[in-house]
Amino acid sequence: MKTLALCLAVLAAPALGAEISAADLTARLTADPPAIAVLGEVHDNPIHHENQAAAVAALKPRALVFEMLEPGQAARITPGLIADPAKLAEVLGWEASGWPDFAMYAPIFAAAPEARYYGAALPRAEVRRAFKEPLAQVFGPEAARYGLDQPYPGPLEKQLEAETQADHCGALPEDILPGMVAAQRLRDGAFARTTLQALAETGGPVALITGSGHARADRAVPALIRQADPGVKLLALGQLEAPAEGDQPFDLWIVTPAAEREDPCLAFRKP
């Protein structure tokens with residue numbers, strides 16, 4: 001029932017915080033550091049990575065968790081590699097990963113060279129299981145702790161399917177939308193679990209580097225962390241591109257200019 005009530009609350013969640021500047025964020029992290037900072041981004045926006053690097057430098061985390069890395073990749077990171085971004089990118093296999101230019105991410109690593117690094121990404125084969133198997137079965141024994149043993153309420157499920165379709169320019173087959181929503185929820189759970197693992201093993205603070213969609217405090221990683229460990233002191237930051245109006249689903253958010261990019265819908269129109 002607790003999980004169901006949490007999901008229902010998402011449908012009418014009020015404003016959770018306020019818009020701030022990057023300077024305000026670093027000042028806050030210095031003066032009142034959380035145990036966990038979930039630092040959202042738009043992946044190809046260099047300003048967002050600059051802000052994350054400044055936030056990490058202010059927080060001085062003992063652990064850095066990356067959406068972009070699997071555990072095996074994170075295990076290869078050494079202080080010596082952080083001093084050589086080109087070599088670090090090579091060791092991580094970054095160029096073949098599909099993520100934006102490593103030059104945008106390198107300052108985040110450099111901001112905490114003594115931190116312990118964690119990879120939160122799941123193997124693609126495991127994520128694909130969420131399209132056909134019950135989420136709790138894919139996630140494993142801790143599913144109930146993170147609320148993944150219960151389905152989303154019907155209205156929320158439909159809302160998320162519609163948002164997923166819109167994010168993909170209306171090009172997805174309708175029958176895969178439930179699987180897409182389940183895969184996103186599985187990844188939220190994996191990021192939350194790895195972040196809490198990092199906190200338990202290092203004592204914190206911990207910073208999670210992830211997309212702003214995963215940083216939503218109403219239903220994504222921060223919500224799952226707070227469900228699994230209600231006493232944890234957590235700050236969820238979203239970074240958005242202008243224009244952004246009205247309340248946002250984060251504890252705090254920063255609005256920046258948009259990065260220059262090709263229309264993402266063009267990829268769906270190409271034969």
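Reader: Why does E161 count as buried?

Author: This is a predicted model, and in it E161 has 10% relative accessibility; because buried means under 20% relative accessible area, E161 counts as buried.

Reader: What makes the contact between E161 and K158 a salt bridge?

Author: Their side chains meet at 3.9 Å, N to O, and the rule asks for a Lys or Arg nitrogen within 4 Å of a carboxyl oxygen of Asp or Glu, so the pair is called a salt bridge. E161 and K158 are three residues apart in helix α10 (residues 154-167), which separates them by about one helical turn. K158 has a relative accessible area of 56%, and because exposed means over 50%, K158 is exposed.

Reader: How do you know that R226 forms a salt bridge with D251, and what are the accessibility labels of R226 and D251?

Author: The closest N and O atoms of R226 and D251 are 2.8 Å apart, which is within the 4 Å cut-off, so the pair counts as a salt bridge. This pair links distant parts of the chain, with R226 in helix α12 (residues 221-228) and D251 in the loop between β6 (234-241) and β7 (252-256), 25 residues apart. R226, at 28% relative accessibility, counts as partly exposed, whereas D251, at 13%, counts as buried, because the limit for buried is under 20%.

Reader: Why is the aromatic pair of F66 and F109 called stacked?

Author: The ring centres of F66 and F109 lie 4.4 Å apart, with 5° between the planes; because centres within 6.5 Å make a pair and planes under 30 degrees apart count as stacked, the label follows. F66 lies in strand β3 (residues 63-66) and F109 in helix α7 (residues 102-110), so the pair ties together parts that are 43 residues apart in sequence. Both F66 and F109 are buried.

Reader: What makes F66 and Y117 a stacked pair as well?

Author: Their values are 6.3 Å centre to centre and 20° between the planes, and because the limits are within 6.5 Å and under 30 degrees, F66 and Y117 form a stacked pair. F66 and Y117 belong to one aromatic cluster, which also includes W94 and F102.

How values were computed:
Residues are numbered from 1 along each chain as its sequence is written. This is a predicted model: local features need pLDDT of at least 70, side-chain atom pairs count only at pLDDT 80 or more; totals for chains, interfaces and linings use all residues. Side-chain values use heavy atoms; hydrogens and water are left out. Helices (H or I, at least four residues) and strands (E, at least two) are DSSP runs, numbered from the N terminus. Buried means under 20% relative accessible area, exposed over 50%, partly exposed in between (1.4 Å probe, protein chains only). Rings of Phe, Tyr and Trp (its six-membered ring) pair if their centres lie within 6.5 Å; planes under 30 degrees apart count as stacked, over 60 as edge-to-face and the rest as tilted.
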